[in-house]
Amino acid sequence: MGFISNRSKYWLERVGNREMVGYGLNGLPMYVDKPEFPFPALRYKEPTAEIHSLYEKQKGNWKLLTREEKKALYRSNYCQTFAEFTAPTGEWMKVVGIGLIMCCFGVWLFILQKLFVYKQELPISFKPSRVRAQMRRIIDLQVDPIMGLCSNWDYEKNDWKVKRWNTPPNPFIRCPDDDE
Amino acid sequence: MAGEVGKASKPQLRGLLKSQIKRNIIVIASITAVIAVAQKVFINDQRKKVYAEFYKNYDIEKAFHQIRNKGLFDSCEPDN
């Protein structure tokens with residue numbers, strides 16, 4: 001029989017009585033349901049006398065076979081129908097679940113960082129009066145006057161040209177906490 | 001089987017990858033052309049117009065003296 005590789009020997013031990021009916025996937029004597037290549041090398045079930053009689057009947061006119069006989073022939077040759085082995089498995093739920101759990105680990109890292117790494121007391125430049133002072137300096141320096149921040153500032157009116165949801169309040173208005 | 005069926009046209013049997021690649025290239029080229037023209041008209045030309053409007057009546061000396069008189073420069077002093 002020539003050289004038989006170890007993989008072929010493995011599958012040949014599992015053939016048993018079954019008939020080989022073709023070359024199969026890459027020449028292996030294996031049964032597998034594949035939608036891309038639905039021509040396995042073996043019949044699925046071992047031969048019995050009834051199946052042999054059906055094979056004889058199958059050689060004639062197919063219109064004489066009843067539906068039950070056609071089904072018996074299919075099931076003896078194949079393990080599952082196309083509809084059965086291409087049915088959705090629901091594995092996407094597992095994948096999405098594990099992905100979201102990994103995202104939760106990231107969120108936990110963020111929370112622990114805020115609690116244990118950063119100081120609870122913010123630096124002095126975060127105070128609102130200081131932020132307003134910085135805003136006044138930016139507007140005085142005319143930063144980004146063409147398409148950026150100061151393009152929205154009206155220098156005659158001393159206020160914003162267009163007030164949207166994200167424009168800060170007018171920093172030139174004096175507030176009670178504007179300390180030194 | 002039941003009844004007569006009309007003659008079906010023969011499907012394409014060879015050169016499937018080649019025809020798929022040709023179709024993909026045509027679709028991608030047309031989409032890219034549309035996006036490029038839209039980018040030029042709606043984004044690039046608009047930006048150039050905004051810059052031109054700004055620089056038409058921009059007096060840089062006046063802006064310099066405004067910022068200098070607020071005391072924001074390190075190398076020049078304000079007027080007072």
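Tutor: Let's start with a definition: helices (H or I, at least four residues) and strands (E, at least two) are DSSP runs, numbered from the N terminus. This is a predicted model, where local features need pLDDT of at least 70 and side-chain atom pairs count only at pLDDT 80 or more, while totals for chains, interfaces and linings use all residues. Residues are numbered from 1 along each chain as its sequence is written, chains are lettered from A and ligands numbered from 1 in the order in which they are written, and side-chain values use heavy atoms, with hydrogens and water left out.

Student: Is Arg68(B) buried or exposed?

Tutor: Here's the scale: buried is under 20% relative accessible area, exposed is over 50%, and partly exposed is in between (1.4 Å probe, protein chains only). Arg68(B) has 11% relative accessibility, so it counts as buried.

Student: Which residue has a backbone oxygen that the side chain of Arg68(B) reaches?

Tutor: Start with contacts, meaning heavy atoms within 4.5 Å. Leaving aside neighbours within four places in sequence, Arg68(B) touches Phe73(B), Cys76(B), Glu77(B), Pro78(B) and Asp79(B). At 2.8 Å, the backbone oxygen reached by the Arg68(B) side chain belongs to Glu77(B).

Student: Let's go to chain A. What order do its elements run in?

Tutor: Chain A has 6 helices and 2 strands. Read from the N terminus on, they go α-α-α-α-α-α-β-β.

Student: And what percentage of the residues of chain A count as buried?

Tutor: Chain A is made of 180 residues. The share of them that counts as buried is 22%.

Student: How far apart are the end C-alpha atoms of residues 92-112 of chain A?

Tutor: In an unreviewed UniProt entry, residues 92-112 of chain A carry the annotation "transmembrane region". Such annotations may be inferred rather than shown by experiment; positions are given in the numbering used here, and feature names are shortened. In the model the span is 100% helix and 0% strand, and its end C-alpha atoms are separated by 31 Å.

Student: Now the two chains together. What area is buried between chain A and chain B?

Tutor: Buried area is the accessible area (1.4 Å probe) that two parts lose on being put together, summed over both. The contact involves 8 residues from chain A and 12 residues from chain B. Carbon and sulfur atoms give 68% of the buried area, which is about 920 Å².

Student: Which residue of chain A meets Lys70(B) in a salt bridge?

Tutor: A salt bridge is a side-chain nitrogen of Lys or Arg within 4 Å of a carboxyl oxygen of Asp or Glu. The rule finds 1 salt bridge across the interface of chain A and chain B. With N to O at 3.3 Å, the partner of Lys70(B) is Asp140(A).

Student: Which residue forms a salt bridge with Asp177(A) at 3.0 Å?

Tutor: There are 12 salt bridges over all chains, and in this one the side chain of Asp177(A) pairs with Arg132(A). The link spans distant parts of the chain, 45 residues apart: Asp177(A) is in the segment after β2 (159-160), while its partner is in helix α6 (residues 128-140).

Student: Is Lys163(A) buried or exposed?

Tutor: Lys163(A) forms a salt bridge with Asp159(A), with the closest N and O atoms 3.2 Å apart. Asp159(A) has a relative accessible area of 17%, so it is buried. Lys163(A) has 55%, so it counts as exposed.

Student: Last one: what is phi for Asn26(A)?

Tutor: Find Asn26(A) in the loop between α1 (6-13) and α2 (49-58) of chain A. Asn26(A) is exposed, with a relative accessible area of 70%. Its phi is positive in a residue other than glycine, with a value near 65°.

Notes: Polar contact = N/O pair within 3.5 Å; in protein donor to acceptor, adjacent residues only side chain to side chain.
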